Amino acid sequence: MPMICVETRFGRIGIQETDDAITAVVWDGIDEGRPTPLLREAARQLAQYDAGARAGFELPFEIAGSAFQKAVCAEICDIPFGDTRTYGQIAQALGQSAQAVGSACGANPIPILIPCHRVMGANGKLTGFSGKGGVETKVALLRHEGAASLLI
């Protein structure tokens, strides 16, 4: 599977493609294979996001996992730039438990592009992040998006 890497303020981010869809984001990735037009576009959009010139991503994603995992990722994609939602709010929208949403969020294979960093615990409590650096990276992403005031 080809991968392209982008140096960002959040670290070296690798973006992976399978069958014309983005399937994974990994920290400290290594360029693999020949970059496809989709990977070049994903790298361009991520660099724009890092520079503060883009608030969201317009890319095809393919989420490995259950229908529930895909539904959680779709809800996460609907969270606007600079805003947050709680696991409970997403759970209510899907008719599921907050714990199940938390597990699905933690299993998001495409962090940043599918912005799971915008999901918080009850009452806006800061929770973990699966990317390199954990909570510190989550905080950096939220600050980058202007959501830092939500962390106070």
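A hairpin joins strand S1 to strand S2 through two residues. The model is predicted, so local features need pLDDT of at least 70 and side-chain atom pairs count only at pLDDT 80 or more, while totals for chains, interfaces and linings use all residues. Residues are numbered from 1 along each chain as its sequence is written, and side-chain values use heavy atoms, with hydrogens and water left out.

S1 spans residues 3-8 and S2 residues 11-18; the two run antiparallel and are joined by six bridges. Strands (E, at least two residues) and helices (H or I, at least four) are DSSP runs numbered from the N terminus, and two strands pair if DSSP finds at least two bridges between them. Cys 5 has Gly 14 of S2 as its bridge partner. S2 is also joined by six bridges to strand S3 (residues 21-27), again in antiparallel orientation. Here Ile 15 is bridged to Val 25 of S3. Two residues lie between the strands in the hairpin of S2 and S3, where Asp 19 takes a positive phi near 50 degrees.

Tyr 49 is located in helix H1 (residues 37-50). Tyr 49 counts as buried because its relative accessibility is 1%, where buried means under 20% relative accessible area (1.4 Å probe, protein chains only). Beyond residues up to four places away in sequence, Tyr 49 touches Phe 10, Arg 54, Phe 57, Phe 81, Ile 112, His 117, Leu 141, His 144 and Glu 145 (contact: heavy atoms within 4.5 Å). Tyr 49 and His 144 are 95 residues apart in sequence, with a C-alpha to C-alpha distance of 9.2 Å. The side chains of Tyr 49 and Glu 145 make a polar contact at 2.6 Å. A polar contact is a pair of N or O atoms within 3.5 Å; within protein, one must be able to donate a hydrogen and the other to accept it, and residues adjacent in sequence count only if both atoms are side-chain atoms.

Methods: Buried < 20%, exposed > 50% of the residue type's maximum accessible area, 1.4 Å probe, protein only.
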